[in-house]
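The tour moves stop by stop, with something to select at each one.

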Amino acid sequence: MAEKTYTAYTDAEGTNLSTDVVRVWKDLDSTFAKHPVTSDINRVFDVEAVKRSVKHLILTDFGERLFQPWLGSGIRALLFENLDSIVIRNLKDAIETLLENFEPRVLLTAVDITGLNDDNNTLRVIIHFRMVNFPTGQVFRLETFLNRIK
């Protein structure tokens, strides 16, 4: 059976609060936008909550989180290396290790890293994963960009 890959809308918006979910994951909206009715901070559920957690983990460097100096990926240091197959392999390994150690809701399927432009110093990272609480085994996709900040 072919794996079904969901686009950003179908997996982040369409499957939130799905009835197939064994356990519902919740998180605060990172934009801190107000809910129009309750005036509380918006919440995100299921796939969107896990995607945001994964993205925040990838962008976290060692020592950035108080009382958790071991949490991080060290990806920023690798971004300033000359981009070749060894650096891309090290980036993949860093992301895989980070998610295996610190994100128990994710079962990693694949990590794809491509350089968009040598002058722009931008990398496109695509992470394919399954969620532990989805019994159907759907494959979700998170795409993010890593840039050097000078």
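Which residues does Ser73 touch, not counting residues up to four places away in sequence? Select Ser73 and look around it: the list is Leu57, Ile58, Thr60, Asp61, Phe62, Ala94 and Leu98. Ser73 sits in the loop between H2 and helix H3 (75–79). Its relative accessibility is 10%, so Ser73 counts as buried.

**Step back: the whole chain**

This is a predicted model. Colour it by pLDDT. The mean for the protein is 81, and 81% of its residues reach 70 or more. Confidence is highest in H4, at a mean of 93, and lowest in helix H1 (residues 8–14), at 45. Over residues 6–15 the pLDDT is below 50, although this stretch has 18 contacts in the model beyond near neighbours in sequence. Where pLDDT is low, the predicted coordinates should not be read in detail.

Now switch to cartoon. The protein has 4 helices and 5 strands. Starting at the N terminus, the elements run α-β-β-α-α-α-β-β-β. Of the 150 residues, 39% are buried. Among contacts between residues at least 6 apart in sequence, 44% join residues at least 24 apart. The accessible surface comes to about 9,400 Å², and carbon and sulfur atoms hold 53% of that.

**Into the core**

Select Ile95 and Ile127. These two have the most contacts inside the largest nonpolar core, which has 29 residues. Two or more core residues come from each of H2, H3, helix H4 (85–102), strand E3 (106–117), E4 and E5. H4 gives the largest share, 7 residues. In soluble globular proteins, nonpolar side chains tend to be buried together.

**Charged pairs**

Next, show the Arg, Asp and Glu side chains. Side chains of opposite charge can pair when their charged atoms come close. A search of the whole structure finds 7 salt bridges. Take a few of them in turn.

- Select Arg52 and Glu48. They form a salt bridge, with the closest N and O atoms 2.8 Å apart. Both residues lie in helix H2 (residues 46–59), 4 residues apart, about one turn of the helix. Arg52 is partly exposed, at 22% relative accessible area. Glu48 has 15% relative accessibility, so it counts as buried. The cut-off between the two classes is 20%.
- Select Glu103 and Arg105. Their side chains meet in a salt bridge, at 2.7 Å from N to O. Both Glu103 and Arg105 are buried.
- Select Arg124 and Glu143. The closest N and O atoms of this salt bridge are 3.9 Å apart. The pair links distant parts of the chain: Arg124 is in strand E4 (residues 122–131) and Glu143 in strand E5 (residues 140–147), 19 residues apart. Arg124 is partly exposed, with a relative accessible area of 29%. Glu143 is also partly exposed, at 32%.
- Select Arg89, Asp93 and Glu96. A network of salt bridges links these three residues.

**Out to the surface**

Is Phe32 buried or exposed? Its relative accessibility is 56%, so Phe32 counts as exposed.

Check phi at Phe32. The value is near 55 degrees, positive in a residue other than glycine. Most residues other than glycine have a negative phi.

Where does Phe67 lie? Find it in the loop between H2 and H3. Phe67 also has a positive phi, about 65 degrees, although it is not a glycine. At 78% relative accessibility, Phe67 counts as exposed.

Methods:
Residues numbered from 1 in each chain as written. Predicted model: local features only at pLDDT ≥ 70, side-chain atom pairs only at ≥ 80, totals over all residues. Heavy atoms only, no water. Salt bridge = Lys/Arg side-chain N within 4 Å of Asp/Glu carboxyl O. Buried < 20%, exposed > 50% of the residue type's maximum accessible area, 1.4 Å probe, protein only. Contact = heavy atoms within 4.5 Å. Core = buried A, V, L, I, M, F, W, Y, C linked by side-chain atoms within 4.5 Å. pLDDT = per-residue confidence, 0-100. Areas by Shrake-Rupley, 256 points an atom, 1.4 Å probe, with all protein chains shown as cover.
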